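Trainee: Hello! Could you help me learn to read the strands and a helix here?

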Amino acid sequence: MAFPPSKAMAMALNEARLAAARDEVPVGAVISDAAGTIIASAGNRTRELSDPTAHAEMLAIRAACARIASERLIGCTITVTLEPCAMCAAAIAAARLSRVVYGASDPKSGGVAHGARVFSHAQAHHRPEVVTGVAESESTALLKDFFAARRA
């Protein structure tokens, strides 16, 4: 039985909240295998690690690959609170994740439905299934609240 997206998204939202508590942009990601077992989760750590590539998706992909000792995550799903950027979408394709589930759209920096649209290019070597809008309001609220507090 597949892991319910709502439970994976709840875990991703928790990772996003933990990221916000670390003064990171509140984005969380969870990777589950084909059987629905969670194999990795992460929140943004770009400031903490002084690493612009330490997005939640990148960290979760690295952890999942290390856990299963493979550079491929075939049959796995990544659930993330925000539309992946172009860098993360490219990593998702390279890892051959089968499905991407995300909450909030990102018209400014997104790389799936906006901007680069990595999976739509003729050059895309892998096109995962994409499911959008899961817990969109909660994901959006976390981001809006975080940035409003920073402007205050």
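Trainee: In which sense do β1 and strand β2 pair?

Mentor: Welcome! Remember that this is a predicted model. Pairing is read from the bridges between two strands. Here β1 and β2, which covers residues 38–43, pair in the antiparallel sense, with five bridges.

Trainee: What do β1 and β2 form, and how many residues lie between them?

Mentor: They form a hairpin, and five residues lie between the two strands. Look at G36 in the turn: its phi is positive, about 95°.

Trainee: How many bridges join β1 to strand β3?

Mentor: Four bridges link β1 with β3, residues 77–82, and this pair runs antiparallel.

Trainee: Now the helix. Is L142 buried or exposed?

Mentor: The cut-off for buried is under 20% relative accessible area. L142 counts as buried because its relative accessible area is 18%. You will find L142 in helix α5, residues 136–151.

Trainee: Which residues does L142 touch, leaving out those up to four places away in sequence?

Mentor: L142 touches L13, A16, R17 and P26. Take L13: L142 and L13 are 129 residues apart in sequence, yet their C-alpha atoms are 8.5 Å apart in space.

Notes
Residues numbered from 1 in each chain as written. Predicted model: local features only at pLDDT ≥ 70, side-chain atom pairs only at ≥ 80, totals over all residues. Heavy atoms only, no water. Buried < 20%, exposed > 50% of the residue type's maximum accessible area, 1.4 Å probe, protein only. Contact = heavy atoms within 4.5 Å.
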